[in-house]
Each structure stands twice: as structure tokens, then as C-alpha cells.
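I keep this notebook for things I look up in a structure.

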Amino acid sequence: MRINKFISHNTSFSRREADELVKNGKVSINGRTIKEFIEIKDGDKVRINGRLVKLKTEFTMIVYNKQKGELVTKKDDRGRKTIYDTLPDGFKSFVSIGRLDFASEGLLLLTDAPAIATALMTSDIERMYYLKVKGEVTDEVITAMREGLFAADATKGAHAKTDIKSMEFKPFLAYSVLGSSGGYTKLKVIINEGKNRELRRFFGYFDLEVVDLKRVSFGRVDLGMLKPGKWRYLSNSEYNDLRDFMKQNEIHY
């Protein structure tokens, strides 16, 4: 494991902060100060500013009900509200498992174990959403949800500064049209990937603007009755499910 990854996994420092610590000569391995990103071996003693880094043997994960109008980021240069402004100070170092954009709401998982966060982010675990789109969901849209779609231009619904212009959308695992009125359509969809603004881009390809988007579950973790802006720890059964996932995917923590 590279030194910057080792530091981010076992301390509250982010990978970027770990990079700076190494570059500034704040890190030593077995008593030798380093300034290069070398591999850590079992038994190596890593110190930051002379303080020994202890291996983490436990991890914590929480469920947060993100509110609209919050950013999933540690800091915003425009001074906008972030989820960490709402969460208790003890969770400032936690990382989110994927993101929900500024206008979206619902279930967000956060953990103090970056390795687990990365594994879950890139997994094919099911995610369920409720959406409200402006316009009619036609047979063409239904076919794309069922069969998948490659969009050469997937910029509608994307962030204005995105570098990702095209996108391939896998078939939805499940979908249902819940009703339509006043020029809007409500849907429930289940997908198993978490690409950048994936659902907004998918429906944007068909000129359907997503006006409401709420994630209600991630795997077997469900939002339930958790109110907006509130959080909870995983239950024992949810932790057991997570450990099973880690074992099956050979994720070592």
C-alpha cells in the first residue's frame, strides 16, 4: 500500500492532505523522513510529525438524509452550505459513498474507512430513487430504461463545467411510472451504478428535466423514517451485510 493511501486509511487526513504531508517532509518510516510516495510493508512504523500512526481495526458508517440545497463536499469556495455544516463535528473526517448533487436529496452513506467507501462506490449494489420529471415518459424512454443507452451527447442535466460529454447507461434493474399530471411524471427506478449525475443525464437526453430526485435505499440500507437533515448509525444487521460484502469482494480493512 502506498504511503499516502496508508495515511488516509488510518488517520483523519484525506489522500490530498497526505500527499502534502509527504511532500513537506512531515512523514517518516522506521525513523527515516521521506518525501517520495513509497510502498508500506507489514511492520513498518509510520509517523506524522513524530506521532506514530496506529492501524485502524474498526470502522464506523452512518446514514444521513441529505437535504436539498446542501453540497456533498468538505468546503465550498462560494460559501454554500455543505452536509458537514449539518452533521456533528465528530463526522467532519468521514467520506461520503458517492454523492448527491446540490438539488438532490435522500440517503447518503458516510464512513471513516476510505477503502470501504471506494469499494461501495464502485460496486454494482442496487440504488433506488424516486424522481419527478418535467414532460412525458414516452415508449422511447421506456425502451432505453429497459435496454440501456449510449448517449454521444449526455450534457443535458450535467454540471455546466463537466468534462464528460458522452455516457453509456446500463439497463435499469427496475422502473415504474407512478403517475403523471400537470405536465410532470413521477417514477421509481433502481439502478446499480453511480455515475456523475447519471439519472439527470439519462432523462436529459430525452429533454426531460429532473425536478425532484430522492435516493431512498442503497443495497439493504433503507432511508425509512429518517427525517431530512438527520443521521443514524448502521444497525447490527446492516453492519453484518456490509461485512459479508467485504468478505465476498475480498476487501481488506
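I began with helix α6, residues 198–205: seven of its eight residues are buried, so this helix is largely enclosed by the rest of the structure. Buried here means under 20% relative accessible area, exposed over 50% and partly exposed in between, with a 1.4 Å probe and protein chains only. Helices (H or I, at least four residues) and strands (E, at least two) are DSSP runs, numbered from the N terminus.

I noted that this is a predicted model, in which local features need pLDDT of at least 70 and side-chain atom pairs count only at pLDDT 80 or more, while totals for chains, interfaces and linings use all residues. Residues are numbered from 1 along each chain as its sequence is written, and side-chain values use heavy atoms, with hydrogens and water left out.

I listed the buried residues of α6: E198, L199, R200, R201, F202, F203 and G204. I then looked up what they pack against, and found β8 (127–134), α5 (139–147), β9 (149–151), β10 (167–169), β12 (184–191) and β13 (209–218), where contact means heavy atoms within 4.5 Å. After α6 comes D207, with a positive phi near 60°.

Next I turned to the whole protein. I read off seven helices and 15 strands. Of its 253 residues, 43% count as buried.

I looked up the domains, whose bounds come from an automatic or database domain assignment. They are domain 1 (3–52), domain 2 (61–123 + 226–249) and domain 3 (127–218). The C-alpha centres of domain 2 and domain 3 are 22 Å apart. To their contact, domain 2 gives 15 residues and domain 3 gives 13 residues.

How much area do domain 2 and domain 3 bury between them? I found about 1100 Å², with 43% of it on carbon and sulfur atoms. Buried area is the accessible area (1.4 Å probe) that two parts lose on being put together, summed over both. On the side of domain 2, D101, E105 and L107 lose the most area to domain 3, together 40% of what that side buries.

Last, I checked charges. There are three salt bridges between domain 2 and domain 3, a salt bridge being a side-chain nitrogen of Lys or Arg within 4 Å of a carboxyl oxygen of Asp or Glu. I also noted that R197 forms a salt bridge with D101, with 3.9 Å between the closest N and O atoms.
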